[in-house]
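Please keep the sequence and the coordinates open while reading.

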Amino acid sequence: MSKVLIIEDHNDIRENIAEILNLAGYTVYLANNGKIGVELAVLNLPDIILCDIMMPELDGYGVLYMLNKNPKTSTIPFIFITAKSERPDMRKAMEMGADDYLTKPFDDIELLQAIESRLNKKKSERDFYSQSLGHLERLVGDREGLSELKKMIDEHVQRTFKKNQIIHYEGDRAIGIYLVISGKIKTVKLSEDGHELMTGMYHTNDFLGVNTILSNETYTDTATALEDSQVCFFPKEQLEELLKLYPDVAEKFIKILSNEIRTKDIHLLQLAYQSVRKRIAESLLRLFRQEEATKGNSINITRDDLAAMSGTASETVSRILTEFRNEGLIEKSGSQLKILDYMKIRKMKN
């Protein structure tokens, strides 16, 4: 039986929603202000939270902020219920990480469908997460330290990042590393003239931030979700303790770091010595190999991101992609690209 927390200061609305959900078989907890709502969420860990925005003590935005800071409550689906229906209000809610937005007045069907939709999505994410853990288990094997790492992931703090949401900024203090469960994440550095250079692309089962944690420095680039992404967070202190106790875990992360360094060295050489046409071709091939590893049939990347990855201007990317399409090397539809002649692109000369 799913548990629902209702945070609403209007007594009639709160009681009406509770009555509907009780009849639908849900276990319901009630809070008449944001402060009590946060306390009940931490105490009862509901499966989903319905929350008004305009409330005494602590408003809905403050409730969401507080719950997102707590690892135990940060992954609970969160739906705003409010009379505020202007676009800026809705945008602010989504940018803060809300899962849905119900505008008052709403009927019984709208309410139940919104809750069921979010609970079903959460179940699908857990199923996908279990598959990802199974893949990781095959990677790490049965050695003691790596089994302990697997246990840490099982007891994960899972976080959701919406498309274009910042995960960390360049210069932020490194507080841990992330394992990508689903989605894509890019890391970029800004030049003095404001141009972006993409320093990394991370997919399912990739660790993000290993180099920063092992060097004990601040983040050297900015990480952004390229699409809706799920990540598993490992606090720095917990990871450092694991590295001290288990040499096999340290060995795994040294290999990850070595691969990152080798990949970035190759990328720097390409930027220094290859033509723009060759650099863009290499970027497409690298993206294609990554997508192929996750069973993707095409590449989804914006012109600006491909420019940042290739170290060139967006206008140049558009021109080169048009040339590739005219030569029958790719198909292009919006931000979706499909390689038609992999071998010809691979053998492309400067």
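S14 and strand S16 (residues 336-339) are paired in the antiparallel sense over two bridges, where two strands pair if DSSP finds at least two bridges between them, and where strands (E, at least two residues) and helices (H or I, at least four residues) are DSSP runs numbered from the N terminus. This is a predicted model, in which local features need pLDDT of at least 70 and side-chain atom pairs count only at pLDDT 80 or more, while totals for chains, interfaces and linings use all residues. Residues are numbered from 1 along each chain as its sequence is written, and side-chain values use heavy atoms, with hydrogens and water left out.

Two packed helices are described by the angle between their axes and the distance between the axes. The axes of helix H11 (residues 303-310) and H12 come within 8 Å and cross at roughly 100°. H11 and H12 are therefore roughly perpendicular to each other, a term that covers 65 to 115 degrees. On the H11 side the contact is made by Arg303, Asp304, Leu306 and Ala307, which meet Ser314, Val317, Ser318 and Leu321 in H12. These residues divide into four nonpolar, two polar and two charged, where Ala, Val, Leu, Ile, Met, Phe, Trp, Tyr, Cys and Pro count as nonpolar, Asp, Glu, Lys and Arg as charged, and the others, Gly among them, as polar.

A second open sheet has five strands in the order S2-S1-S3-S4-S5, with parallel pairing. Its edges are strand S2 (27-31) and strand S5 (100-103), each with a single partner strand, so one side of each is left without a neighbour in the sheet. From one strand to the next, the twist averages 20°. Inside this sheet, strand S1 (residues 3-7) and strand S3 (residues 48-51) pair in the parallel sense over four bridges, and Ile7 stands opposite Cys51 in S3. Helix H2 (residues 34-44) lies across S1, S2 and S3 and runs at about 165° to S1, whereas helix H3 (residues 60-69) lies across S1, S3 and strand S4 (78-82), running at about 170° to S4.

Strand S9 (residues 185-190) has antiparallel pairings with two strands named here. Six bridges join S9 to strand S10 (residues 196-202), with Leu190 opposite Glu196, and four bridges join S9 to strand S12 (residues 222-225), with Thr187 opposite Ala223.

How many cavities of 30 Å³ or more are there? The count comes to one, a cavity being a set of points on a 1 Å grid over the protein atoms alone where a 1.4 Å probe fits but cannot get out, with lining residues having an atom within 4 Å of a point. Grid points are joined across faces, edges and corners, and the volume is the space filled by probe spheres set on the points. The largest cavity holds about 70 Å³ of space, and of the 11 residues that line it, the closest to its centre are Tyr202, Gly209, Asn211, Thr212 and Asp221. By class, its lining has three nonpolar, six polar and two charged residues.

Two backbone details remain. Most residues other than glycine have a negative phi, and most peptide bonds are trans. Leu45, in the loop between H2 and S3, has a positive phi near 45°. The peptide bond from Lys104 to Pro105 is cis, with omega near -5°, and Pro105 lies in the loop between S5 and helix H5 (108-140).

Notes. Axes are lines fitted to C-alpha atoms, for helices over the stretch in contact, and angles run from 0 to 180 degrees between N-to-C directions. Contact means heavy atoms within 4.5 Å. On a 1 Å grid over the protein atoms alone, a cavity is a set of points where a 1.4 Å probe fits but cannot get out, and a pocket is an open set with protein on both sides within 12 Å along at least five of seven lines; lining residues have an atom within 4 Å of a point. Angles under 35 degrees count as roughly parallel, over 145 as roughly antiparallel, 65 to 115 as roughly perpendicular and the rest as oblique.
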